[in-house]
Amino acid sequence: MAAALHRFLLQKTLFSSVKMSAVRAAIHTSLSLASSHGDPLGTRQRSPSLEEHQRERMARGLPKRKSIHGVKHVVVVASGKGGVGKSTTAVNLALGMLASGQSLRVGLLDADVYGPSIPKMMNLSGEPELTKQNQMRPLVNFGVPCMSMGFLVEEGAPIVWRGLMVMSAVEKLLRQVAWGELDVLVIDMPPGTGDTQLSISQQIPISGAVIVTTPQDIALLDARRGAEMFRKVHVPVLGLIQNMSHYVCPKCQHKAYIFGQDGACNVAKEMDMELLGDIPLHIDIRETADSGKPIVVSQPDCLQSKAYKTIASRILEKLPL
């Protein structure tokens with residue numbers, strides 16, 4: 001594992017550093033042009049010509065979006081905060097797309113460098129092999145090729161990296177994986193609206209983002225932020241998924257709204273987004289994810305699997321396949 005991680009980090013490190021330096025230089029130059037001793041950040045009113053010059057400088061320093069070779073569509077599954085079931089949803093959506101009956105080729109990328117979950121949920125382990133072109137081969141289970149930082153480090157080992165290292169790792173996960181031909185690549189994003197989300201949104205064309213939330217007010221606040229972030233970087237938001245929407249007692253069939261009722265539905269209306277569907281709070285979803293046998297493949301005919309498949313179909317309808 002250590003050797004694989006070492007090779008992974010060394011590849012194109014200089015190239016990544018040069019690109020990052022170019023971005024920083026452009027930002028520094030732009031700020032310098034707009035600054036003065038009395039206004040060091042350039043926050044006062046500037047002339048239109050100076051602002052236009054600043055935009056040109058910034059545009060030259062920012063990375064261009066470049067498609068991932070062989071991948072037709074990228075769908076990112078994101079959340080404003082952790083603990084809302086985003087990774088479980090991403091896994092089951094990818095498997096739901098595969099089971100859609102459209103003979104699609106679907107891949108799954110775990111972009112959460114600090115807390116990779118895909119290896120356990122997809123029951124995968126081991127180091128990726130390298131091709132002759134020095135690209136990593138995805139590990140495959142249930143017909144879905146997967147790549148994750150978890151394949152390159154020991155299970156349970158913390159990744160204690162600063163931002164530049166994380167950005168370099170994300171770039172390699174995007175560019176140095178031999179995906180082959182894919183109709184859809186599902187990316188399980190880390191929670192929040194930080195460097196990783198911004199970097200991925202700026203580096204590759206994304207067909208759409210799906211925001212996972214619970215009906216709880218605190219989760220919905222961050223779901224709004226997540227949706228707004230994607231809109232600001234011109235990534236289409238395909239809709240919201242309301243996870244843990246309700247709990248049904250297995251004995252009396254009473255339906256309880258533990259985290260609130262219809263919160264995501266209300267936010268979707270406020271933000272002019274579609275509510276893609278509800279996923280109930282159910283023990284089988286948790287147990288199958290923990291055991292590496294996601295519910296869509298282990299219990300394909302249960303109500304929970306049908307909910308995932310319905311949402312996956314609605315997402316696919318929005319993509320020109």
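## How to read the model

Residues are numbered from 1 along each chain as its sequence is written, and side-chain values use heavy atoms, with hydrogens and water left out. Because the model is predicted, local features need pLDDT of at least 70 and side-chain atom pairs count only at pLDDT 80 or more, while totals for chains, interfaces and linings use all residues.

## The chain as a whole

The chain has 12 helices and 10 strands; these are DSSP runs numbered from the N terminus, with helices being H or I of at least four residues and strands E of at least two. Of its 321 residues, 49% are buried. Here buried means under 20% relative accessible area, exposed means over 50%, and partly exposed is in between, using a 1.4 Å probe and protein chains only.

Among contacts with a separation of 6 or more, 77% join residues 24 or more positions apart. A contact means heavy atoms within 4.5 Å.

## A closer look at N92

Where does N92 sit? N92 belongs to helix α4, residues 86-98. N92 counts as buried because its relative accessibility is 2%.

Its side chain comes within 2.9 Å of the backbone oxygen of T88 and 3.2 Å of the backbone nitrogen of V296. Such a polar contact is a pair of N or O atoms within 3.5 Å; within protein, one must be able to donate a hydrogen and the other to accept it, and residues adjacent in sequence count only if both atoms are side-chain atoms. Leaving aside residues up to four places away in sequence, N92 touches P294, I295, V296 and Y308.

## Where α4 meets α12

Helix α4 packs against helix α12 (residues 303-317) at an angle of about 70°, and their axes are 8 Å apart. The two helices are therefore roughly perpendicular, a label for angles of 65 to 115 degrees. The axes are lines fitted to C-alpha atoms over the stretch in contact, and angles run from 0 to 180 degrees between N-to-C directions.

N92 is one of the α4 residues making this contact, and Y308 is one of those from α12.

## Two loop residues with positive phi

Q253, in the loop between β8 (247-248) and β9 (255-256), has a positive phi near 65° although Q253 is not glycine. With a relative accessible area of 53%, Q253 is exposed.

D272 lies in the loop between α9 (263-270) and β10 (275-279). The phi of D272 is positive too, at about 55°, and D272 is exposed, with a relative accessible area of 71%.

Technical notes
Angles under 35 degrees count as roughly parallel, over 145 as roughly antiparallel, 65 to 115 as roughly perpendicular and the rest as oblique.
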